[in-house]
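Please keep the sequence and the structure at hand while reading.

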Amino acid sequence: MKGIKKVKTAVIGCGAISRIYIENMAKTFEILELTGVCDLNRRLAEETADAYGIRAMSMEEILEDGEIEIVVNLTNPVAHYEVIKNLLDHGKHVYTEKVLAADIDQARELTALAAEKRKLLCSAPDTFLGAAVQTAKYLVESGLIGTVTSSVAVLQRDARLLAEKFPYTAKSGGGIGIDVGIYYTTAMINVLGEVKEVFGMSGVSMAEQKHYFVKNDNFGETYFQESETYLMSTMRFKSGCMGTLHFNSRSIRTEKPYVAFYGTEGIIFLEDPNFFGGEVRVILKGRTEPVVFPHTHGYDGNDRGLGVAEMAWALREGRIPRTNGDMALHALEILTGTIESGETKTFYEMKSGFERQPMLPRGYLGGNYAQNQPEGGLCF
């Protein structure tokens, strides 16, 4: 870090996901200097600020503070458009929790505005920077499994249980595709590149439900599932590779998600890309059983905020961040394009594109490794 100025950063939104972000940004990633937090609930902002020795700030204070370069937006997806637009208009670089915006046209407008203002706009999920997906990308690009000809992503959940514990998942923008599927589409395009066209369907099965948690006051009351409970898609990548998405939240609670890459010389299986780590299993031609391939890259814990740190380094180095908004827009358009395809019963031609960035260098290792290394072992 000698000679490199830290990037002053503030956080908007002190909800559940903010704790791990703030913890990592304050203690793990040395490129970041966390200065303040903001929330509509001022008391929550003050409690969070006190816990980390930083300032509780208003939105106006963040906008007017010329030393704050990056603002991390952890608000509800429905609020993303207004919050991000305001920040960009006031000259801030923005990193947002997924997705860029709840509406694809708003997401397009935000990426265009960032380009116009010459500001960085980056978005989660940043789990694709973790050990598992980076290892898979390394194996694919090394040619270990030959030419990848198809890819599959599968996720099942229990929407009814989730609606009881996290009511937002039953609302618009909280469904299996937009809220969770973005992890899978991001992992796939990070490894395989741009998608040319999609064809699929989505919708809500069993829209009318009754609350069934006896301990809750709303037990027995009717609610409506507004967000999609299934999203199925077939994708054609520009490389010629085919891909499928199978997302279903009218299933059981025990999730067994995976992403697979099928090549001419082998197959790679990944566990849930909602996390940074997990096993990378490989079957090579001539073998019948998979073997667990050691991670070639670091960051296999709960490293939320890694994308912010990578963005800060990109800012200092004058390069395109790996979590850039163009890739985030492309991942979101795959999902909204699938929805539109189902409504129109036609193929949806992708309109967005992104420039693929190189994988993290293999020397980019996490804090556990650096604890036993000479000074300078921790890159971020």
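This is a predicted model: local features need pLDDT of at least 70, side-chain atom pairs count only at pLDDT 80 or more; totals for chains, interfaces and linings use all residues.

## Largest pocket

The largest pocket has a volume of about 1000 Å³. It is lined by 30 residues, and those closest to its centre are Ile 17, Lys 98, Phe 166, Tyr 168 and Asp 179. Sorted by class, the lining consists of 14 nonpolar, seven polar and nine charged residues.

Two helices are listed as contributors to the lining of the largest pocket: helix 7 (159–165) and helix 8 (176–192) each provide at least two residues.

## Second largest pocket

For the second largest pocket the volume is about 310 Å³. Its lining is made up of 16 residues, with Lys 119, Leu 121, Asn 324, Gly 325 and Asp 326 closest to the centre. Eight of the lining residues are nonpolar, four are polar and four are charged.

Helix 5 (104–117), strand 6 (121–123) and helix 10 (325–344) each supply at least two residues to the lining of this second largest pocket. The most come from helix 5, which gives four residues.

## Cavities

How many cavities of 30 Å³ or more does a search of the whole structure find? The search finds five. The largest cavity holds about 80 Å³ of space. Among its 14 lining residues, Leu 162, Thr 169, Gly 174, Gly 175 and Ile 176 are the closest to its centre. Helix 7 and helix 8 each supply at least two residues of this lining, and helix 8 has the largest share, with three residues. The lining of the largest cavity has five nonpolar, six polar and three charged residues.

The second largest cavity contains about 60 Å³ of space. Of the 15 residues that line the second largest cavity, Phe 128, Lys 137, Asn 190, Arg 322 and Gln 357 lie nearest its centre. By class, this lining has seven nonpolar, four polar and four charged residues.

## Nonpolar core

The largest nonpolar core has 101 residues, of which Val 72, Leu 245, Phe 247, Phe 261, Ile 268 and Leu 270 touch the most other members. Helix 8 gives the most to this core, with 11 residues.

Leaving out residues up to four places away in sequence, Val 72 touches Thr 9, Ala 10, Val 11, Ile 12, Tyr 21, Met 25, Tyr 95 and Val 308.

Thr 323 sits in the loop between helix 9 (306–317) and helix 10. Is Thr 323 buried or exposed? Its relative accessibility is 1%, so Thr 323 counts as buried. Apart from residues up to four places away in sequence, Thr 323 touches Tyr 95, Leu 121, Cys 122, Ser 123, Asp 126, Phe 128, Leu 129, Gly 307 and Glu 310. The C-alpha atoms of Thr 323 and Ser 123 are 5.9 Å apart in space, although the two residues are 200 residues apart in sequence.

His 330 is part of helix 10. With 0% relative accessibility, His 330 is counted as buried. Beyond its neighbours within four places in sequence, His 330 is in contact with Ile 189, Glu 194, Val 195, Met 350, Ser 352, Gly 353 and Phe 354.

## Cysteines

A search of the whole structure finds zero disulfides. Cys 122 has a relative accessibility of 0% and therefore counts as buried. Cys 241, with a relative accessible area of 2%, is buried.

Notes. Residues are numbered from 1 along each chain as its sequence is written. Side-chain values use heavy atoms; hydrogens and water are left out. On a 1 Å grid over the protein atoms alone, a cavity is a set of points where a 1.4 Å probe fits but cannot get out, and a pocket is an open set with protein on both sides within 12 Å along at least five of seven lines; lining residues have an atom within 4 Å of a point. Grid points are joined across faces, edges and corners, and a volume is the space filled by probe spheres set on the points. Ala, Val, Leu, Ile, Met, Phe, Trp, Tyr, Cys and Pro count as nonpolar, Asp, Glu, Lys and Arg as charged, and the others, Gly among them, as polar. Buried means under 20% relative accessible area, exposed over 50%, partly exposed in between (1.4 Å probe, protein chains only). Contact means heavy atoms within 4.5 Å. A disulfide is a pair of cysteine sulfur atoms within 2.5 Å. A nonpolar core is a set of buried Ala, Val, Leu, Ile, Met, Phe, Trp, Tyr and Cys residues joined through side-chain atoms within 4.5 Å.
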